[in-house]
Amino acid sequence: MNKEINKNLYQGDETACLPQIRVVLSHTSHPGNIGSTARAMKTMGLTELYLINPKEFPSEVATALASSADDILQNAKVVSSMAEALAGTTMQVALTARRRELSQPLQTPRQIAPSIIRSARAGQEIALVFGAETSGLTIDELSMCSDRVTIPTNPHYSSLNLSQAVQVLTYELRTSCFEADWVDVQHLEEERDPATHEAMERFFEHLEEVMLKIGFLRPHAPKRLMPRLRRLFIRAELEREEVDILRGILKATTEFDRKP
């Protein structure tokens, strides 16, 4: 969906931006959770489902629990890596149930929903990322996401089914569509050209390569340097042109190093 169409999304249909938001399920073990997720998505107006290495799909169990959300299952994209699932997105919101060292600040679904809707209305692609049922997202998967969200469950009983978590997040997004005047802020979002997930990953690879060459990053004792730098640049919400500038600096650094 391009930005020219997106300018009038809020006129007549406040929820028309929701298809810009994809749901990503990583290594789902039970097909019933895929079907229930499809049902949760359709009730809230989301249509794009990505599945990273599901244990069983397609599945009759998934279809049964989708309860007339068969179209979402039929159009689901099965991919082999997180990088494929996040391709083209500029905002990746990871659900996590616990705090992790070096993590970005955690937000609740209600807190983060307005910024997701603003980005979607500006024509950006957003991913809501959910991990495996028993273990959640890995540290590596979390590091590939720009934002982290947690559902404030009862601390004495925090068990939440995967599809229930999807329902909570998608409900907050749909509700947020009706609760703010987006006209005043939309032009600010449209002026931005945020870097895509792929552009940021190429930058991080380039950065690590250069730091190894100049001896700033020690390959046998990297400690936490790269995770800290990832956190820093993700928090900065870089635009496409800014990433190009940074990569130009990195290229010039290595070229200068080769000069006699």
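Predicted model: local features only at pLDDT ≥ 70, side-chain atom pairs only at ≥ 80, totals over all residues.
Q: Where does N53 lie?
A: Residues are numbered from 1 along each chain as its sequence is written, and side-chain values use heavy atoms, with hydrogens and water left out. Helices (H or I, at least four residues) and strands (E, at least two) are DSSP runs, numbered from the N terminus. In these terms, N53 lies in the loop between β2 and α3.

Q: What is the relative accessible area of N53?
A: Most residues other than glycine have a negative phi. N53, which is not a glycine, has a positive phi near 45°. Buried means under 20% relative accessible area, exposed over 50%, and partly exposed in between (1.4 Å probe, protein chains only). N53 counts as partly exposed because its relative accessible area is 35%.

Q: In which loop does S67 lie?
A: S67 is not a glycine, yet its phi is positive, at about 50°. Its relative accessibility is 38%, so S67 counts as partly exposed. The residue lies in the loop between α3 and α4 (70-74).

Q: What is the order of the strands in the open sheet?
A: The chain has 12 helices and 7 strands. Strands count as paired if DSSP finds at least two bridges between them. The open sheet has 7 strands with parallel pairing, in the order β3-β2-β1-β6-β4-β7-β5.

Q: Which strands stand at the edges of the sheet?
A: An edge strand here has a single partner strand, so one of its sides is left without a neighbour in the sheet. Two strands stand in this position: β3 (77-79) and β5 (106-107).

Q: What angle does the direction of helix α6 make with that of β4?
A: Helix α6 (residues 109-121) packs on the sheet, touching β1 (21-26), β4, β5, β6 (126-130) and β7. Axes are lines fitted to C-alpha atoms, for helices over the stretch in contact, and angles run from 0 to 180 degrees between N-to-C directions. The direction of α6 makes with that of β4 an angle of about 155°.

Q: How many residues has the largest nonpolar core?
A: A nonpolar core is a set of buried Ala, Val, Leu, Ile, Met, Phe, Trp, Tyr and Cys residues joined through side-chain atoms within 4.5 Å. In the largest core, the residues with the most contacts inside it are I21, L25, L49, I116, L128 and F130. Another core lies apart from it, with 16 residues, among them A199, F203, L207 and V243. The number of residues in the largest core is 38.

Q: Which residues is T15 in contact with, leaving aside its neighbours within four places in sequence?
A: T15 lies in the loop between α1 (3-6) and β1. Its relative accessible area is 11%, so T15 is buried. Contact means heavy atoms within 4.5 Å, and beyond its sequence neighbours T15 is in contact with R121, R174, C177 and F178.

Q: Which residues form one aromatic cluster?
A: Rings of Phe, Tyr and Trp (its six-membered ring) pair if their centres lie within 6.5 Å; planes under 30 degrees apart count as stacked, over 60 as edge-to-face and the rest as tilted. The rings of F203 and F204 have centres 5.6 Å apart and planes at 45°, so this pair is tilted. F203 and F233 form an edge-to-face pair, with 4.9 Å from centre to centre and 85° between the planes. One aromatic cluster is formed by F203, F204 and F233.

Q: How many residues apart are F203 and F233?
A: F203 is buried, at 2% relative accessibility, and F233 is buried too, at 16%. Their pair links distant parts of the chain, as F203 is in helix α10 (residues 197-213) and F233 in helix α11 (residues 225-235). In the chain they are 30 residues apart.

Q: What is the mean pLDDT of the chain?
A: Over residues 1-10 the pLDDT stays under 50, and over residues 183-188 it is below 50. Of the residues of the chain, 86% reach 70 or more. The mean pLDDT is 86.

Terms used
pLDDT = per-residue confidence, 0-100.
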